[in-house]
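Please open the model in your viewer and keep the selection tool at hand.

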Amino acid sequence: MLEFLHYFFGEGEQVEFEIFTLAHFLPILVTSLIIYLIYRSRRSIREMKHEEIFRYILAFALIISEMSYYWRLIAMPSLGPNPVEHLPISVCGWVAIFGCFMVIGKSQSLFDICYFWALAGSVFALITPTVLTYAGPTRFRYYQFWTEHLVSYIAIFYMIFVHNMRPYKISLPKAYIALVILAVIAYYANTLIGPGANYLFMARPEAAPSVLDILPANFSLRLFIIAAVITALFVLVYLPWYVMDKKRQKLSK
């Protein structure tokens, strides 16, 4: 039993996960189906006497998936904890934390941050989940990663469909300012910790193949490109709401 637990919670020494395979697409497809079912059942869920149970379940899944990553490192010293690699300074991690409080308190401000950070930021983690290179479906890290990231999306669309939340014009600068604050923290963490730290991928390209490989190693140029891409993505994910607002204005005239 101990041997199995060490294997399950450990990390492999050879490639166990490859992008664009069944192990990559299946969690995304399952999540898409759950979001679709929430959309189809939104009125029934909204009218349920104890609807908050669904939100508590989402909050529990989010916070446990985030915290379990660090529990695993503490329980297995051979894997860490390593402050260079495992400080909670990431977009995806904070989307999970903010998302937990968002669904419990039905917070519009936290929704603003989670919406833009997830749809414009953590989406790259879903396209090329490089952290799973040595952790396939037989490892705990595989399930922790997908739970943390995909439940965040479920929580966001749950609030959109069931509680009619949406981003507004003011939401975009709020989310952007919050991201700048996180980027400043990441920059100082990278500087203070040294060569091993690469929070928010600001220091260098990742060792494993990812969409970030196209970024230059030069910090200033790298930061400029990241900022430009994030700005464009923020605008892009707000665009559907902008178009809908314009159509409603025309119809109301």
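The model is predicted, so local features need pLDDT of at least 70 and side-chain atom pairs count only at pLDDT 80 or more, whereas totals for chains, interfaces and linings use all residues. Residues are numbered from 1 along each chain as its sequence is written, and side-chain values use heavy atoms, with hydrogens and water left out.

**Aromatic pairs.** Rings of Phe, Tyr and Trp (its six-membered ring) pair if their centres lie within 6.5 Å; planes under 30 degrees apart count as stacked, over 60 as edge-to-face and the rest as tilted. This rule gives 20 aromatic pairs. Select Phe8 and Phe9: the ring centres are 5.1 Å apart and the planes stand at 80°, so this pair is edge-to-face.

Next, select Tyr176 and Phe234, an edge-to-face pair with 5.6 Å centre to centre and 85° between the planes. Tyr176 lies in helix H9 and Phe234 in helix H10 (residues 219–252), 58 residues apart; helices are DSSP runs (H or I, at least four residues), numbered from the N terminus.

**Charges over rings.** Here NZ of Lys or CZ of Arg is within 6 Å of the ring centre and within 35 degrees of the ring normal. Select Arg42, whose charged end sits over the ring of Tyr39, 4.1 Å from its centre. Then select Arg139: its charged end sits over the ring of Tyr7, 3.8 Å from the ring centre.

Definitions and conventions. Helix = DSSP H or I, 4+ residues; strand = E, 2+ residues; numbered from the N terminus.
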